Amino acid sequence: MSGSITFVGAGPGAPDLITLRGAAALRDADLVIYAGSLVNEELLELAPKARLVNSAKLALPEVLREMREAYEQGGHVVRLHTGDPAIYGAVSEQFRELDRLGIPYSVVPGVSSAFAAAAALKVELTMPGLSQSVILTRDAGRTPVPEKEALDQLAAHGSTMCIFLSVGEMESLVKKLLSAGRSPSTPAAVVYRASWPNEQIVRGTLSDIAQKVADAGIQRQSMIVIGEVLERNGDLSKLYDESFSHGYRRGGRCGAGFSGKVALFALTRKAACKAAEIAAGLHDAVIFVPEKYASAVPAARRRSFPGGGFSAVFADSWKQFDAFVMVMAAGIVVRHAAQLCKDKLHDPAVVVCDEAGQYAISLLSGHFGGANRLAAEVARITGGKAVITTASDVNHLLAFDEFAARCHYRLVSKEPLAELSAARLDGEAFDLFMPQELFQRWFADQPGFRLAGGAPEPGAILIRRVANGTELRLVKRKTALGVGCRKGVPAERIREVVLDVLDTHQLTLDEVDVIASAELKSNEPGLLEFARSAGKELRFFSAGELNQIPVPTPSAAAEQHLGLHSVSEAAALLAAGPDARILVPKQSRSDVTAAVAMEVDHV
Ligand code: SAH
C-alpha cells in the first residue's frame with residue numbers, strides 16, 4: 001500500500017474551522033506534523049492513530065525526513081499549517097523538495113487568519129466606494145520584503161490591508177503607513193488570536209492604534225486590518241440591487257426571466273457538471289443523467305437513468321416539464337424532440353447548450369414557451385452566448401405572444417397571431433387598448449404603436465391591425481396566491497413573507513387576483529386583515545377539496561397535524577381554476593407558507 005502526504009490548512013484556531021476534507025485527512029493520518037503555537041492542539045484529537053510531531057522544534061531537513069520515511073512505509077502524512085498553507089506557510093520549500101524526490105502530495109486549503117479577523121470584526125473587506133482590493137502583506141522582519149512591496153509603497157494605494165506577522169512593531173508600521181500618505185484618521189483594528197477563546201479586538205485609527213495595542217499588552221499572533229471599510233460607510237453593493245443583472249438574479253420586473261419547471265439532460269460527465277452549474281442558477285430545475293455520472297450532480301436535483309435509457313426517459317418527461325435544457329449536441333435533441341412536438345402553444349421550451357457552455361440555443365417554443373428567455377438565462381449563468389433565431393427578436397421587436405407570456409396574459413384565440421406578427425415585421429401600424437402603464441413599458445418606444453384606449457374590460461388587452469381591423473385579444477391569466485400560516489401570525493408578517501416570495505419570482509401583489517387558504521383558517525385574524533388591506537378576494541377550501549388536488553410539494557407535517565396534504569399549493573390551484581398549474585411552488589418560512597398558481601392556456 002502506498003502512503004500519502006497532505007498539506008492541510010488548520011484554519012485560524014477554533015477547531016471547528018478546519019474544512020471537512022482537512023478533518024478527514026487527519027482521521028486517516030498515521031503521522032501529523034503540525035506548526036507550533038498557532039495550530040490548536042484540539043485538532044490533533046481528530047487524528048487518534050497518528051504520531052504527532054511539533055515542527056517548531058525541527059529544521060526543514062528533519063521535517064522532510066520524517067515525512068519521507070513515513071510515506072515510504074505506506075503511512076498517511078498530514079502536514080498541518082495554521083490558517084491557509086499558501087499564506088506565509090513556508091510550504092514552497094517543502095513542495096520543491098518533494099518534487100525533487102518524486103513524492104506526490106496534495107494540498108487542502110484552510111481559513112486564513114485574515115478572514116477569521118474579518119469575521120471577528122464583522123466587516124466586508126471589499127466595500128464598493130471605499131476599496132475593492134485587499135492587500136495581504138507583512139512588514140519586513142527577519143524575512144525581508146522586496147523593495148517594491150515595502151509597506152509605504154503598498155499603503156499608497158489606499159486599499160484595505162491585512163498585515164500579518166507585524167504587530168510586534170506597531171509604531172514603526174504606523175509611521176510607514178502615514179508616510180505613504182494615509183491619513184491619521186484612517187480606521188485600524190488589531191485582532192489578537194482570532195477565533196480562539198482568548199480572542200481580543202482593539203479598534204482605533206492610525207493616530208492611536210499603536211498606543212492602544214501597547215496598552216492591551218499585545219505583541220504577537222495578531223492580524224492588523226487597515227482601511228475605511230472598518231467604518232462600514234461605503235456604497236451598497238450592486239449584487240442585490242434591483243436593476244443589476246447577475247448570473248443568478250435578473251434585473252427588471254414583469255417576467256424578464258424564466259420561471260417554469262425545468263428538466264436538464266446530460267449524457268457525458270462534462271455535460272453533467274455543466275448541467276449542475278446551470279441548474280443551480282435556475283428557480284426550479286432537476287437534472288437527468290445516466291447512472292454512471294450520477295455523482296457529478298447534487299442528489300437533491302438528480303434523476304438518474306440506466307445507460308441507454310435516454311430516449312424513453314426524455315419522452316416520458318416531455319409533458320411533465322415547462323422547459324428542457326439539453327446539454328448535448330443539437331442533432332440528438334432534434335431527432336428525439338421531433339417525434340414529440342405538437343404546436344407552439346403546447347410544446348415546452350427547449351434550449352440546447354454545448355457542454356462547454358459557450359452557446360445556449362433556443363430551439364423550440366421561443367416566445368410563448370419562453371425558450372428565448374431561458375436561453376438568455378442559461379447564457380448568463382454559463383457566461384456564454386444565447387442563440388436566438390425568431391424574427392422579431394432578431395429585429396429587436398417584442399413579439400405579441402412573447403409579450404403575453406412575459407406579462408402573464410393568454411391569447412383568447414391564436415388564429416390572428418400569425419397574420420398580426422407578419423404585419424408587425426412589415427412595419428404596419430397597430431392600435432392598442434391596454435392600461436397606460438403596460439403600454440409605456442412595452443410599446444411606447446416602438447414605431448407603429450398607438451395607445452388608442454384603455455383595457456376593453458378589466459384584465460383584457462386588444463391589439464388591432466389598423467390596415468384591416470383584425471384583432472388579437474389577450475386576457476390576464478387568473479393568478480391565485482395560496483397562503484398557510486400558524487395561529488396568531490400578524491397580518492404584517494404574512495405580508496412580508498408574501499411580498500418576499502412574489503418578489504423573488506418577479507411577481508407583484510398587483511398581479512394576484514385572489515388569495516386562498518384552508519377553511520380551518522377562515523377565522524385567522526392576520527390572514528383576514530392581510531387580504532383586506534391588499535384589497536383582494538379571499539377564498540377558503542375544505543379539507544375534502546384540498547386533499548383531492550395533487551400538488552408538487554406535499555407536506556407530511558400538515559398531513560399529520562391538520563389532516564391536509566397541502567394548504568398553500570392546493571388552495572392556490574383550486575382558486576386559480578381548473579386549468580391552473582403551480583408557478584411558484586410552496587415557499588416555507590417558520591410561520592407562513594405561500595405558493596402561486598396561474599391559469600394556463602386553453603387554446
Ligand atoms: N497561514 C496563516 C498565516 C501564517 S503567518 C494564515 O493563513 O492565517 C502567522 C501570522 O498569521 C501571525 O503572526 C498573525 O499575524 C497571523 N495569524 C495567524 N493566526 C491568527 C489568529 N488566529 N488571529 C490573528 N492573527 C493570526
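## Ligand site

A backbone N or O atom of methionine 223 lies 3.4 Å from a nitrogen atom of the ligand. Isoleucine 87 also places a backbone N or O atom by a ligand nitrogen, at 2.7 Å. For proline 12 that distance is 2.9 Å. On its own the ligand has 540 Å² of accessible area, and the protein covers 94% of it. The model is predicted.

The shell holds 18 residues, of which Asp84, Ile87, Ser113, Ala194 and Ser222 come nearest. By class, 10 are nonpolar, 6 polar and 2 charged. Domain 1 (4-110) and domain 2 (114-231) each supply at least three shell residues.

## Salt bridges within helices

Side chains of opposite charge can pair when their charged atoms come close. The model has 25 salt bridges. Lysine 274 and glutamate 277 form one of them, at 3.1 Å, N to O. Both sit in helix α8 (residues 269-280), 3 residues apart, about one turn of the helix. Lysine 274 has a relative accessible area of 13%, so it counts as buried. Glutamate 277, at 30%, is partly exposed.

Arginine 532 and glutamate 529 pair at 2.7 Å, N to O. They too are 3 residues apart, in helix α17 (residues 525-534). Arginine 532 is exposed, at 59%, while glutamate 529 is partly exposed, at 33%.

## A distant pair and a network

Arginine 493 and aspartate 591 meet in a salt bridge of 2.9 Å, N to O. This pair links distant parts of the chain, 98 residues apart: helix α16 (residues 491-504) and the loop between β26 (580-588) and β27 (592-599). Arginine 493 is partly exposed, with 22% relative accessibility.

Salt bridges also join Arg373, Glu402 and Arg406 in a network.

Technical notes:
Residues are numbered from 1 along each chain as its sequence is written. This is a predicted model: local features need pLDDT of at least 70, side-chain atom pairs count only at pLDDT 80 or more; totals for chains, interfaces and linings use all residues. Side-chain values use heavy atoms; hydrogens and water are left out. A residue is near a molecule or strand if one of its heavy atoms lies within 4 Å of it. A polar contact is a pair of N or O atoms within 3.5 Å; within protein, one must be able to donate a hydrogen and the other to accept it, and residues adjacent in sequence count only if both atoms are side-chain atoms. Accessible areas come from the Shrake-Rupley method with a 1.4 Å probe; for residues, only the protein chains shown count as cover. Ala, Val, Leu, Ile, Met, Phe, Trp, Tyr, Cys and Pro count as nonpolar, Asp, Glu, Lys and Arg as charged, and the others, Gly among them, as polar. Domain bounds come from an automatic or database domain assignment. A salt bridge is a side-chain nitrogen of Lys or Arg within 4 Å of a carboxyl oxygen of Asp or Glu. Helices (H or I, at least four residues) and strands (E, at least two) are DSSP runs, numbered from the N terminus. Buried means under 20% relative accessible area, exposed over 50%, partly exposed in between (1.4 Å probe, protein chains only).
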